[in-house]
Amino acid sequence: MKLSHLFGETLREAPADAEFTSHQLLVRAGYIRQLGAGIFSYLPLARRVMDKIENIMREEMNAIGGQEMTMPVVHPAEIWQETGRWYQIGSEMGRMKDSTGRDMVLAMTHEEVVTSLVRDIIHSYRQLPALIYHIQTKWRDEPRSRGGLIRVREFTMKDSYSLDTDWEGLDKQYWAHYHAYFNIFNRCGLPTIAVESDVGMMGGKQAHEFMYLTPIGEDTLVLCDACGYTSNRQVATFQKPEPDPEEPKPLEKVATPGTKTIEDLANFLNIPQSKTAKAVFMVATITEGQEDVEKFVFAVVRGDMELNETKLTNAIKAKELRPAHEEEIKAIGAEAGYGSPIGIHREDVILVVDDLAAKSSNLVAGANEEGYHFLNVNYGRDYEADIVADIVAAADGYACPKCGAPLRTVRGVEVGNIFKLGTRYSAAMGALFQDKDGTRKPVIMGSYGIGVGRLMASVVEEHNDKYGIIWPISIAPYQVHMVALRGGFEAAEQLYQELLDAGVEVLYDDRTGPSPGEKFNDADLIGVPLRLTVGGRSLKKGGAELKRRDAKNIALVPLDEAVARVQDEIRAMEAELAAKAASAK
RNA sequence: CGGGGAGUAGCGCAGUUCGGUAGCGCGCUUGGUUUGGGUCCAAGAAGUCGUCGGUUCAAAUCCGGCCUCCCCGACCA
């Protein structure tokens with residue numbers, strides 16, 4: 001490709017609204033342009049990177065028995081109504097009507113389509129197991145897109161779906177994906193870790209997320225350096241300390257003026273925060289039969305800990321959870337800042353108590369009256385919960401659930417996920433097969449996704465310097481960027497042909513206008529891993545100059561050896577990447 | 001949905017306080033100059049000042065509605 005005709009241009013300055021390095025560089029180097037919030041065009045350079053990423057995905061999916069296909073982006077609403085997600089999912093789902101007034105859905109994911117295909121096509125255990133995948137556009141109307149390609153509304157995803165007769169089969173395909181995903185990320189030069197995660201709106205049984213660790217990440221992860229335990233904070237557990245056994249003391253109401261926060265309260269009474277109970281007021285949407293009802297949720301955790309909303313949501317099997325409004329809190333007889341489960345309108349709330357708070361004796365809790373708290377509150381004697389469960393969030397320094405060593409929290413970007421769906425969709429849609437014993441059973445399913453654009457942006461986030469992008473050779477838009485300078489155009493043109501004939505992917509800066517400095521800066525910005533400079537000066541010295549983007553030294557190569565030397569370097573970089581991938585396993 | 005910020009040429013910005021011919025840098029076009037890390041000179045092209053309405057002799061500027069984008073929070077496979 002000749003740079004003079006490449007569609008796209010480099011910018012000296014990044015758009016003011018680009019915050020993240022990957023966003024700035026991808027725009028400045030001419031890879032992407034934004035059309036609207038969370039909606040991007042991918043210019044020819046980006047298209048080539050994404051093609052390479054997608055081909056790596058294809059190879060790894062095919063290697064574990066995947067068959068590629070393509071499913072539609074626009075779906076009739078009926079299939080989403082069958083699984084209930086038409087009703088469960090809110091404004092994040094893109095909905096529209098076709099010209100006949102029929103409700104349609106823009107694909108957020110493809111479980112429904114897969115399951116309807118399975119219903120049509122799979123009849124017998126003889127057709128299973130199977131693995132199908134596609135690389136397709138998804139639309140998710142995120143309330144808040146951000147960070148360039150890190151979080152968008154329209155994106156391309158590789159999603160695969162496993163179909164099995166039994167759970168052992170699912171387990172096999174699940175772990176096959178687990179390993180294939182690491183292969184994909186390693187081959188793209190992106191370090192990742194797998195963490196246990198919440199199943200969220202996908203439903204199902206077990207899930208892992210693949211995380212690229214970076215401070216710009218939106219997820220908080222909990223890691224144990226001692227034993228390797230990793231989990232998304234949403235579901236991370238930890239060993240709770242055993243509270244000192246104490247004889248329950250009599251309940252006592254005390255004045256605690258101006259102690260709206262746990263910190264104030266503990267200071268005022270001169271007690272540790274762990275001797276207090278914190279009340280958190282939420283309102284949950286819970287599906288009862290066909291209807292969604294709002295229920296007030298009263299959560300109690302120990303004062304030194306934070307509520308984990310995901311755990312609470314799962315504990316009460318809620319569809320949605322939001323903080324309660326002031327009036328709602330008053331309505332159940334509680335007082336914000338001085339709340340406790342004692343004396344509230346018990347029948348109007350779902351009371352959920354963290355297991356540690358339930359075990360702890362003689363805690364200080366609110367009196368549901370401005371300026372007053374109770375001393376010596378004890379679970380079982382003073383109040384009873386509807387649910388006692390682990391509902392607090394893991395934090396730095398807490399004890400690892402596996403080995404007890406201190407946990408550490410880090411931020412990460414979720415670049416992929418794998419889910420054991422089970423029969424959530426096949427049962428709902430009647431995707432049944434006839435087993436050996438003649439009975440009809442729902443197909444056991446799994447679903448597995450990787451966002452292509454987010455992966456590309458993460459790689460840029462990981463591989464760059466102050467001059468621009470530094471692509472890993474495996475997904476670089478071109479393998480070599482040839483810069484022709486004054487006195488070298490004729491030789492460069494000939495070398496360009498030779499490189500093309502040899503099958504080398506070459507971006508040729510044939511522009512006569514820009515100065516050498518401008519061309520070198522563009523080359524650094526675009527980030528092709530090899531640079532070949534042909535100019536009067538290099539020719540006088542005996543050939544072309546070959547430089548790796550990630551290194552400083554420049555090698556002078558005779559023109560008749562240039563193609564071979566470029567190919568050597570490409571092979572060397574491929575070998576380096578493979579070695580790094582192997583050591584990451 | 002709550003809080004904050006911003007919409008003026010392709011990009012980055014000034015001009016708005018105090019209403020009076022729409023500017024600067026980069027980029028683009030033409031001519032010349034220069035030629036190994038974003039040359040220099042000259043001449044040009046390009047903007048319904050987000051949008052709708054109001055006030056006024058006169059609105060980028062004052063007032064009101066709306067739209068869009070960014071950031072934080074809520075939310076999120």
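In which helix is D524 found? It is helix α14, residues 516–526, of this predicted model.

View 1. D524 has a relative accessibility of 13%, which is under the 20% cut-off, so D524 counts as buried. Beyond its neighbours within four places in sequence, D524 contacts Y467, G468, I469, R531 and R549.

**View 2. Pairing of strands β27 and β29.** Strand β27 covers residues 480–484 and strand β29 residues 530–534. The two strands run parallel and are joined by 5 bridges.

**View 3. The open sheet of 5 strands.** The strand order is β28-β27-β29-β30-β31, with mixed pairing. At the edges stand β28 (506–509) and β31 (554–557). Each has a single partner strand, so one side of each is left without a neighbour in the sheet. On average, neighbouring strands are turned by 25° against each other, direction ignored. In general, strands of a sheet pair through backbone hydrogen bonds, in either a parallel or an antiparallel manner.

**View 4. Helix α13 on the sheet.** Helix α13 comprises residues 489–501 and lies across β27, β28 and β29. The helix runs at about 165° to β28.

Technical notes
Residues numbered from 1 in each chain as written. Chains lettered and ligands numbered in written order. Predicted model: local features only at pLDDT ≥ 70, side-chain atom pairs only at ≥ 80, totals over all residues. Heavy atoms only, no water. Helix = DSSP H or I, 4+ residues; strand = E, 2+ residues; numbered from the N terminus. Buried < 20%, exposed > 50% of the residue type's maximum accessible area, 1.4 Å probe, protein only. Contact = heavy atoms within 4.5 Å. Pairing = 2+ DSSP bridges. Axes fitted to C-alpha atoms, helices over the stretch in contact; angles between N-to-C directions.
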